[in-house]
Amino acid sequence: MKKDEKEACIELRMQNWHRIQRIVGDRQGHKCFQCGAIGAQLQFHHVNFRSRWSREDGPLDIAENVRALCS
């Protein structure tokens, strides 16, 4: 893969990740999934971790596999 193609793929993945963060934040009412804190600086994490994910499991970066949590 050429450098420009690789950079384009990374940019698309980041755009998709930011889109997923907006979807998850809206879905959860911008509250922490675990404690329900409102207005906290939310962090977005995968439910099923990247290290345990295989291509057979389907797409990793989808809103259904992401939760917003406060620190």
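The model is a predicted one, where local features need pLDDT of at least 70, side-chain atom pairs count only at pLDDT 80 or more, and totals for chains, interfaces and linings use all residues. Residues are numbered from 1 along each chain as its sequence is written, and side-chain values use heavy atoms, with hydrogens and water left out.

**Helix H1**

- Helices and strands here are DSSP runs numbered from the N terminus (H or I, at least four residues, for a helix; E, at least two, for a strand).
- H1 covers residues 3-27, and its end C-alpha atoms sit 36 Å apart, which agrees with the 36 Å that 25 residues should span at 1.5 Å a residue. That expected span is 1.5 Å times one less than the number of residues.
- The buried residues of H1 are Trp17, Ile20, Val24 and Gly25. Buried means under 20% relative accessible area, exposed means over 50%, and partly exposed is in between (1.4 Å probe, protein chains only).
- An α-helix has 3.6 residues a turn, so residues three or four places apart point the same way.
- Strands E1 and E2 are among what covers the buried residues of H1.

**The nonpolar core**

- Eight residues make up the largest nonpolar core: Trp17, Ile20, Val24, Cys32, Leu42, Ala63, Val66 and Ala68. H1 and strand E2 (66-70) each supply at least two of this core's residues, and H1 gives the most, with three.
- A nonpolar core is a set of buried Ala, Val, Leu, Ile, Met, Phe, Trp, Tyr and Cys residues joined through side-chain atoms within 4.5 Å.
- Not counting residues up to four places away in sequence, Trp17 touches Phe44, His46, Asp61 and Val66; contact means heavy atoms within 4.5 Å.

**Gly25**

- Gly25 belongs to H1 and counts as buried because its relative accessible area is 1%.
- Leaving aside neighbours within four places in sequence, Gly25 contacts His30 and Phe44.
- Gly25 and Leu69 are 44 residues apart along the chain, with 9.8 Å between their C-alpha atoms.

- Gln28 is in the loop between H1 and strand E1 (42-46), and it counts as buried because its relative accessibility is 13%.
- A polar atom of the Gln28 side chain lies 2.9 Å from the backbone oxygen of Lys31.
- Beyond neighbours within four places in sequence, Gln28 is in contact with Phe33, Val66, Arg67 and Ala68.
- Gly29, which follows H1, has a positive phi, near 65°.

Key. Polar contact = N/O pair within 3.5 Å; in protein donor to acceptor, adjacent residues only side chain to side chain.
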